[in-house]
Structure formats: structure tokens, C-alpha cells
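Dear colleague,

Please find the structure below, handed over for your records. My notes on it follow.

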Amino acid sequence: MITKVILDFETSGLNPYHDDIIEIAMKVMDTDNQFTTLVKPKSNECISDEISSLTGITNKMLTKEGQFWGDAYQSMNQWLNSVKGENNKIVIISHNGESFDFIFLRKIFNDLNKIIGYNTIPVHKIIFIDTLLLAKRLLPRRMSYKQFSLCKLFDINTEGCHRAMNDVVALEKLYFNLENKL
């Protein structure tokens with residue numbers, strides 16, 4: 001059986017090539033097994049008031065509770081390695097993953113692979129599922145494919161959205177509904 005993991009990142013902005021990860025959340029589907037952490041920005045730059053307002057994550061929180069980015073990435077990778085299924089394969093599910101979360105994840109793996117001897121899951125062993133693309137295929141002609149809108153369609157609670165674990169929990173329910181439609 002291949003393990004399915006729901007993934008969400010909160011970041012310092014919308015550019016996956018220049019912005020920093022500030023929160024990581026992952027959860028094995030249909031279990032309570034999860035990983036979550038705040039992350040001190042790799043750039044050492046403060047996050048904007050706009051990002052703080054959107055996510056509820058403040059610079060003070062990141063300073064007090066955030067892990068150094070390298071430690072956070074290593075912890076996340078260790079957790080992923082602990083939950084991967086047989087044949088070292090894993091399914092990672094994210095909303096807008098192809099344009100956002102999966103790019104950040106590949107950057108994390110790239111950073112970790114620069115550390116001599118660090119064992120990350122080979123990208124070719126990961127099956128990536130983007131629920132945005134899945135929803136566009138299964139629910140044509142919608143005005144919005146944002147996770148929030150799709151959750152409302154399926155009457156999924158979105159309280160606390162833009163905190164990574166809350167988004168992961170909502171996305172797990174959304175994926176279940178999309179999978180049933182499929």
C-alpha cells in the first residue's frame with residue numbers, strides 16, 4: 001500500500017522561487033499521524049504585515065517558536081521517511097501543488113541533498129497529486145477553484161484557513177470528496 005500524505009506550506013509570499021517557507025504541515029491520510037512546525041525564514045527577513053494578517057503567523061511567533069530552516073527541513077524529511085510505504089513510494093497531495101507547494105518541496109529536497117549523506121526520498125518515487133488540477137477536471141466550468149471555494153461546495157469547515165495544519169485537514173476532506181467523484 002502506498003502512503004498518501006496531505007501537504008501544505010505557509011510562506012512569506014506567493015513566489016515559490018524567492019519567498020520563504022514559514023510553516024510546514026503534513027498528515028498521513030485517514031490517520032492522526034502528522035507533522036507540523038513553524039520555520040524561521042531562510043532569508044532571515046521579517047514577514048510582512050499582510051502575510052501576518054492572512055496567516056495569523058507573526059515575526060514574534062517565528063522567532064520564539066520557529067525552528068531554524070535546516071532543522072525544520074530535516075525533521076520534515078525524517079517524518080516523511082518514517083511514513084513512506086513499501087518500495088519507498090509515497091503520494092503527496094496538495095492544492096495548487098504544481099505551481100506552488102511541490103516547487104517548495106523540491107527546493108527543500110535540493111537543500112537537504114546538498115548536505116553530504118542526507119537521505120531524501122527520490123523525487124521519482126513520489127506521486128504528486130494536485131487537487132486544483134483534479135477539481136478542474138472533475139468540476140468543469142466553475143468560477144473559482146480556490147481551496148476555500150471548493151471546500152464550501154462540499155460543506156467542509158474552513159475555519160482557521162491559512163494555517164497549514166487547518167488547510168491540510170480541510171484538503172484531506174476535499175480530496176476524499178474529489179476521489180469519490182472520480
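**Findings**

Q74 is found in helix α3. Please bear in mind throughout that this is a predicted model. With a relative accessible area of 25%, Q74 is partly exposed, since partly exposed covers the range between the 20% limit for buried and the 50% limit for exposed. Apart from neighbours within four places in sequence, Q74 is in contact with L112, I115 and Y118. The C-alpha atoms of Q74 and D111 are separated by 9.8 Å, and these two residues stand 37 residues apart along the chain.

Not counting residues up to four places away in sequence, Y73 touches I21, I24, I108, D111 and L112. I24 is placed 49 residues from Y73 in sequence, and the C-alpha atoms of the pair are 9.0 Å apart in space.

Is Y118 buried or exposed? Its relative accessibility is 19%, so Y118 counts as buried. Leaving aside neighbours within four places in sequence, the contacts of Y118 are Q74, N77, Q78, L112 and N113. Y118 and E172 are 54 residues apart in sequence, and 30 Å lies between their C-alpha atoms.

**Helices α5 and α7**

Helix α5 (residues 131-138) packs with helix α7 (residues 164-181) at an angle of about 35 degrees, and their axes are 10 Å apart. The crossing in which α5 passes α7 is left-handed. On the α5 side the residues that meet α7 are T131, L134, A135 and L138, while α7 contributes L171, Y175, L178 and K181. By class, the residues of this contact divide into 6 nonpolar, 1 polar and 1 charged.

A170 is another residue of helix α7. Its relative accessible area is 5%, so A170 is buried. Which residues is A170 in contact with, leaving aside its neighbours within four places in sequence? They are Q147, C151, I156 and N157. For N157, the separation from A170 is 13 residues in sequence and 6.7 Å in space, C-alpha to C-alpha.

**The largest pocket**

The largest pocket holds about 760 Å³ of space. It is lined by 28 residues, and those closest to its centre are E10, L14, F100, H162 and D167. Which elements each supply at least two residues of this lining? They are β1 (3-11), α1 (49-55) and α6 (147-153). In terms of class, the lining of the largest pocket comprises 10 nonpolar, 12 polar and 6 charged residues.

**Positive phi values**

D30 has a phi near 65 degrees, which is a positive value in a residue other than glycine. D30 is placed in the loop between β2 (21-28) and β3 (34-38). Its relative accessibility is 67%, so D30 counts as exposed, the cut-off being over 50%.

R141 likewise has a positive phi in a residue other than glycine, with a value near 65 degrees. The position of R141 is in the loop between α5 and α6. R141 has a relative accessible area of 78% and is therefore exposed.

With kind regards

Conventions
Residues are numbered from 1 along each chain as its sequence is written. This is a predicted model: local features need pLDDT of at least 70, side-chain atom pairs count only at pLDDT 80 or more; totals for chains, interfaces and linings use all residues. Side-chain values use heavy atoms; hydrogens and water are left out. Axes are lines fitted to C-alpha atoms, for helices over the stretch in contact, and angles run from 0 to 180 degrees between N-to-C directions. Helices (H or I, at least four residues) and strands (E, at least two) are DSSP runs, numbered from the N terminus. A crossing is left-handed if the near helix is turned anticlockwise from the far one by less than a right angle, and right-handed if clockwise. Contact means heavy atoms within 4.5 Å. Ala, Val, Leu, Ile, Met, Phe, Trp, Tyr, Cys and Pro count as nonpolar, Asp, Glu, Lys and Arg as charged, and the others, Gly among them, as polar. On a 1 Å grid over the protein atoms alone, a cavity is a set of points where a 1.4 Å probe fits but cannot get out, and a pocket is an open set with protein on both sides within 12 Å along at least five of seven lines; lining residues have an atom within 4 Å of a point. Grid points are joined across faces, edges and corners, and a volume is the space filled by probe spheres set on the points. Buried means under 20% relative accessible area, exposed over 50%, partly exposed in between (1.4 Å probe, protein chains only).
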